[in-house]
Amino acid sequence: MPRGGKKKKGRNRNNTKRRDLRPTNNDGQPTKNSVKGSTAKAPFNHNGATDGITPNFDAFQQSGKALPNSYRTVYSRYKAATKRVFEYMQANSPEKNHIPREQIFVSSLVTTADWMVESRIPVDPDILKDLKFAIRARSKAAWLVYGGGDSGHKYLLDVLIYCWKNLDSLPRAEKDIIREGKEELDTNGEGPSSNRFEALLEVTGEDEGDDDDMDEEIFPSDDVPRPTLHAEAVPLQDLLDSDERNDAIMFLLALDDLMRCVVEKYRAVSRYVDYIVQEGMCGSVIVPSLMGAAIATNMAIHQVRRLEIEFELHNPHISTPYRLLSTIILPERVKQVIQITREHGQKVCSVRDANLFLGDCLECSFRSPADPENRGSVIVSDFCSRFGVDGKGSEDIDKILFELQWLVKGEVPLRSELAIMEKTNITSHGWIAMSYIGGDRAIHHTIRLLQWFGSSANKIEKGRLLKLGAGFFGSSPWQPGRSQKIHTDLDELLMVEILPSLFYLCRDGELNSDTRLPQQNEIAPFWSCLRRFARSPEKPVRWSTVFAVHAMLTSILETDKITAAIAVVCEKTFNSYFEQLDMACEYKKGVDGVFDSTHFQSHLRVVQYLKELGHPFYEPRARWNPLCAGTNFLYLTYFGNITVGTALIDDRSQLKIVLHLYHALIVNDILKSGDIPLLDWLLDGFENSGTFWGGSLPRKGKFAEQFWLGLRVSFRIPEEIVAAVSRLDDKQISNKDHLAMIEWLCHNEASVMRRLDPAEFSTSFRRICNRDYHDVVDKYHSKKMKQEGSGQDGYAFAVQLNDTSQAFVKEHGLFAFNLPALGVHLDEFVCGMSRFFKWDQLFKGTSLHDQNPRLQHPERIAEEYMFAHYVLGKLDQVMDPSELGRIKDFVTLFMYPFFEKLENDTNRFIWFRVGSTHPEWDSTEE
């Protein structure tokens with residue numbers, strides 16, 4: 001809890017009048033569109049805070065800071081685990097000297113397991129873990145989705161379960177025994193690689209024995225009958241090469257798990273709004289909740305991008321969502337195509353060729369008939385030419401394409417197709433039998449909508465906004481509070497209101513490819529996916545883009561009844577940040593030289609550019625739906641307010657002076673924690689920054705020394721200055737001596753003030769922007785849950801998300817400050833302190849600029865020196881507080897009144913309110 005004590009229940013921090021967050025009927029409604037068909041809206045000119053000029057972001061581009069996730073995905077690991085088991089069993093086979101390593105057959109596992117049991121050969125415990133992982137992963141794909149799998153994979157599963165049951169009865173080998181073949185697998189990149197997440201992904205041998213009762217069906221406690229061996233030997237490699245169906249199913253299962261996390265977060269947002277209303281809190285308290293949900297969603301999108309890349313590395317031929325769907329849902333059609341080429345072709349196509357053909361046929365069926373990229377008119381003839389299929393076979397294959405077209409219309413119908421499909425017996429949205437990306441939340445429906453939109457968007461010239469005809473995809477205008485499912489209910493909202501604005505934003509607006517917003521890929525993968533879609537809308541959509549858009553629709557569905565109210569609050573809160581910047585600029589314009597600083601002005605323009613993300617040109621629901629609003633706030637917070645804001649709040653060392661002073665006063669019992677709540681919050685926020693403090697929090701006797709260490713770099717303070725600062729009696733040093741030392745500092749100052757690194761004081765910043773999870777700790781999963789999560793990507797993701805979310809909640813208080821605006825007020829305090837102690841008179845009439853013309857504010861260097869000498873030096877050494885009369889007068893007569901006045905006008909620097917933490921925001925279970 002930040003300093004200042006607990007807040008009263010139901011009261012905001014400043015006891016101001018609260019705003020209601022109950023839904024309203026009229027706020028956020030779209031303007032009725034009477035245009036029929038696709039049109040283009042003229043572009044707009046940016047005449048906002050940046051006067052249409054894109055600032056230079058180069059200074060803020062990260063250079064290799066973001067760390068890649070080093071743990072492997074489940075489908076790469078289960079294949080490697082299966083192969084390690086085969087290699088181990090082959091190495092322990094009594095016939096190992098007679099069987100080449102490349103000719104390992106499934107049947108040899110059974111005979112080797114029998115021999116090992118008869119001979120009581122100690123078994124490597126790591127192999128048992130590999131076996132369990134391979135069985136669990138393959139069973140999940142086989143039984144959950146397609147009823148046991150094909151005969152080959154069912155045979156492999158039966159053999160693996162039999163081997164596990166027999167080997168589990170054997171004694172365990174000693175830990176120092178290295179299994180044969182392990183080193184070779186490691187060097188090939190298929191064995192267990194060293195990575196910082198291994199502890200999150202695998203349970204120890206001691207923990208392993210307690211979870212057998214959880215998988216009675218997969219790992220039965222009774223004896224397992226010996227499988228009937230196939231007469232024809234089945235090579236391992238043949239089965240591994242045909243694993244793409246397993247891979248595809250496991251990929252969709254991973255997407256379903258990640259979407260479950262998104263659903264839970266936005267359900268919690270909805271419940272939290274009820275809590276806010278019940279407690280009578282300020283409406284902007286919802287902002288941290290939306291940011292927390294956006295953190296989870298953007299982390300999930302980033303995870304999907306990783307899964308997508310690795311899936312394509314293992315299955316490069318399954319390069320589109322349509323080919324993946326074909327692999328799962330069209331095995332019977334594959335057999336038909338193969339049979340047709342066998343009977344009517346010059347050569348027989350393989351299973352893979354048939355799968356790819358049918359996947360491309362699905363793509364044609366998903367696309368608009370008017371799409372110039374739709375190959376529906378030539379795809380059959382091209383296939384038949386390739387395999388020499390005759391006229392009869394061509395007719396049969398053409399019939400399959402026709403059937404697929406009707407199958408797609410029945411599975412993912414648009415509104416215009418619903419009436420026709422209701423007359424058929426085709427059941428819609430049944431291909432993916434999963435809870436969060438299937439059924440009423442069918443993600444392949446979103447695929448079809450995106451592909452249709454891409455067809456229209458590709459025809460629109462740059463600089464113009466696409467407007468699709470209202471009413472084609474659903475009731476117009478879309479009304480909140482009525483949606484029960486994602487498909488159909490949200491089609492009109494997505495296609496007519498949201499996608500046109502987001503497409504323009506990413507192709508022609510503030511997120512266009514020429515504008516490289518720093519940290520965008522780390523903070524907002526949602527934007528990155530949309531940008532890639534906007535660059536090539538005509539191409540087959542990618543899973544990561546589909547997942548991102550589907551997550552946005554999910555956020556709307558889960559908060560449907562309060563969407564309008566959320567939009568109103570978000571827009572007002574977002575605009576308040578920039579209004580505070582404007583007030584701060586007006587407040588200090590031309591005073592004390594702050595706005596003469598090119599550093600301040602250039603950084604300020606960078607922050608002000610972000611205001612265009614909320615430009616009224618874009619549809620309100622494109623800007624302020626829950627995911628887009630949360631992502632806007634995330635980027636404004638982590639890049640605008642933290643990355644750039646920390647450079648502005650301390651651009652003239654004002655933050656360091658204020659907090660070093662406050663800390664030293666508390667240590668000397670002149671002030672107590674809680675006396676100035678604003679500074680308590682700031683002290684809490686920055687207390688972990690070693691750069692800021694020149695080490696840990698300074699103790700008495702080290703105040704002045706650590707202030708210098710945390711302040712400047714590139715020069716050493718001469719011994720005479722250190723000695724001068726350590727003297728107790730200021731009268732021992734003449735003004736002439738003071739001035740000589742200040743001139744020396746100005747002359748030797750290289751204008752390289754030590755800048756704050758947000759990763760030092762913000763754990764959530766380090767997690768999100770640097771992707772640094774090296775020190776995450778699992779605080780939420782029980783031992784049993786850790787065992788169940790062993791080897792699953794979802795478990796490692798949940799641990800990372802929980803840690804990041806917990807850090808974010810702890811840092812709410814700091815994020816609520818408008819740091820650039822607050823920096824202006826802290827700078828005013830330092831100038832006032834200089835006047836109070838009459839330091840300004842010391843160098844009045846002197847030309848400190850002559851010492852170093854590069855310095856823009858040499859007077860501040862003089863103030864830093866006088867502060868370290870006159871204030872911190874005394875607070876370091878004095879033992880009797882009564883000897884600090886002038887400093888105590890300063891605290892009573894200036895410091896207290898200054899911050900009391902500032903705290904009574906928090907609308908100048910607090911841009912959203914922080915309420916009580918809702919318990920549902922604390923953790924996510926895998």
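This is a short tour of a predicted model, stop by stop.

**Before you start**

Residues are numbered from 1 along each chain as its sequence is written. Local features need pLDDT of at least 70, side-chain atom pairs count only at pLDDT 80 or more, totals for chains, interfaces and linings use all residues, and side-chain values use heavy atoms, with hydrogens and water left out.

**Whole protein**

Show everything as a cartoon. The protein has 38 helices and 2 strands. Both are DSSP runs, numbered from the N terminus: helices are H or I with at least four residues, strands are E with at least two. Of the 926 residues, 59% are buried. Buried means under 20% relative accessible area, exposed over 50%, and partly exposed in between, using a 1.4 Å probe and protein chains only. Contact means heavy atoms within 4.5 Å. Among contacts with a separation of 6 or more, 81% join residues 24 or more positions apart.

**The nonpolar cores**

Select M895 and F899. These two have the most contacts inside the largest nonpolar core, which has 227 residues. Helix α8 gives the most to this core, 17 residues. A nonpolar core is a set of buried Ala, Val, Leu, Ile, Met, Phe, Trp, Tyr and Cys residues joined through side-chain atoms within 4.5 Å.

Stay on M895. Neighbours within four places in sequence aside, M895 touches L661, Y662, L665, L671, I676, L679, F829 and F890. Now pick L131, L156, L157 and F219. They belong to a second, separate core of 27 residues.

**R271 on α8**

Select helix α8, residues 244-279, and find R271. Is R271 buried or partly exposed? R271 is partly exposed, because its relative accessible area is 39%.

**Q580 on α21**

Go to helix α21, residues 563-588, which holds Q580. Q580 has 3% relative accessibility, so it counts as buried. Beyond neighbours within four places in sequence, its contacts include N818, A821, T906 and W911.

**α10 against α12**

Select residues 321-329 (α10) and 351-366 (α12); they pack at about 120°, with axes 7 Å apart. Axes are lines fitted to C-alpha atoms, for helices over the stretch in contact, and angles run from 0 to 180 degrees between N-to-C directions. The two helices are therefore oblique to each other. Angles under 35 degrees count as roughly parallel, over 145 as roughly antiparallel, 65 to 115 as roughly perpendicular, and the rest as oblique. Show side chains at the contact, including Y322 and I329 of α10 and N355 and F366 of α12.
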